[in-house]
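Please give a short report on the fold shown below. Cover the sheet, the helix packing and the aromatic pairs.

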Amino acid sequence: MIDIFIKSYKPDFWLLQLALRTIKRNVSGYGNLILLIPERDKNDFDTRDMPERTTIHYVSDEGVGYLRQQHYKMTAYKYSKAEFILCADSDIFWDHPVDVQDLVKDGKPEILCTNYNQLKDAQVWREPTRQFIGEPPSYEFMRRLPLTYHRDTLVNISKFCPNLENLIMTSERFSEFNAIGAYAYKFERDKYTFINTDDWTYVPPHAVQVWSHASEEPGADELHLREMIRVYKTLFKSFE
């Protein structure tokens with residue numbers, strides 16, 4: 001079984017509601033859809049017309065929200081008993097029919113990775129990941145969302161790093177997907193299919209990620225305007 005896991009908050013609720021509509025229309029093969037919503041935002045979240053088998057947890061959101069949501073993703077096993085957990089976000093739209101079972105082939109989720117020597121902007125994640133895994137990582141693992149993991153991998157990470165919450169919440173920056181990817185690559189490589197982008201023939205993504213932070217000031221500049229247009233173009237395709 002594969003559960004879908006999404007942590008959101010008030011500024012992204014408008015995108016989340018749109019994303020949930022694309023799930024209702026285009027996504028099959030999942031067990032439960034698990035939403036984590038800050039307790040303080042409970043009255044602002046519209047729970048009507050949710051996808052099938054949706055469970056909502058209202059949670060504490062203390063500290064830096066950007067870091068807190070990463071801790072929730074890395075401990076998603078506390079909210080799901082499924083064998084696999086698919087981590088999505090409020091700004092991931094499913095623009096065509098997808099059976100999430102196709103994201104796990106022969107019992108192994110697929111994770112794209114790229115050697116850090118070929119990257120520039122992603123270098124910022126290398127040091128936080130080194131602090132987590134204990135050695136400089138060779139690869140960047142946040143190449144494409146959503147990402148699916150064995151639930152047991154998340155359980156094992158909490159055992160590997162008992163101070164995980166403190167590590168994340170006291171960081172200047174952190175990357176949960178790079179941390180999970182680095183752990184899986186080092187300790188559980190046989191449970192995943194790691195695809196080096198050097199040897200990869202491009203295939204279209206299962207879903208489209210828009211840039212949620214562009215919604216903070218819609219139309220404030222050309223970048224925001226372009227992103228808003230992409231949001232609506234993606235929606236139109238989702239409901240063709």
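Predicted model: local features only at pLDDT ≥ 70, side-chain atom pairs only at ≥ 80, totals over all residues.

## Sheet, helices and rings

Residues are numbered from 1 along each chain as its sequence is written, and side-chain values use heavy atoms, with hydrogens and water left out.

**The sheet.** Helices (H or I, at least four residues) and strands (E, at least two) are DSSP runs, numbered from the N terminus. Two strands pair if DSSP finds at least two bridges between them. Five strands make an open, mixed sheet, ordered β4-β3-β1-β5-β11. The edges are β4 (54–59) and β11 (147–150); each has a single partner strand, so one side of each lacks a neighbour in the sheet. From one strand to the next, the twist averages 25 degrees.

Strand β1 (residues 2–7) pairs with β3 (residues 33–38) in the parallel sense, over four bridges. I6 has L35 as its bridge partner in β3. β1 and β5 also pair in the parallel sense over four bridges.

How many residues of β1 are buried? Six of the six are, so the strand is largely enclosed by the rest of the structure. Buried means under 20% relative accessible area, exposed over 50%, and partly exposed in between (1.4 Å probe, protein chains only). I2, I4 and I6 point one way from β1, while D3, F5 and K7 point the other way.

Contact means heavy atoms within 4.5 Å. Axes are lines fitted to C-alpha atoms, for helices over the stretch in contact; angles run from 0 to 180 degrees between N-to-C directions. Helix α2 (residues 65–74) packs on the sheet and touches β1, β3, β4 and β5 (84–87). The direction of α2 makes about 165 degrees with that of β1.

Helix α4 (residues 151–160) packs against α6 at about 90 degrees, with the axes 11 Å apart. That makes the two helices roughly perpendicular (65 to 115 degrees; under 35 is roughly parallel, over 145 roughly antiparallel, the rest oblique). T153, L154, N156, I157 and F160 of α4 meet I180, Y183 and F187 of α6.

S175 sits in the loop between α5 (164–169) and α6 (176–187). At 3% relative accessibility, S175 is buried. S175 touches Q70, W125 and M142, leaving aside residues up to four places away in sequence.

**Aromatic pairs.** Rings of Phe, Tyr and Trp (its six-membered ring) pair if their centres lie within 6.5 Å; planes under 30 degrees apart are stacked, over 60 edge-to-face, the rest tilted. The structure holds 13 such pairs.

F141 is in the loop between β10 (139–140) and β11, and Y185 in helix α6, 44 residues apart. F141 is buried, with a relative accessible area of 3%. One aromatic cluster holds Y139, F141, Y185, Y192 and F194.
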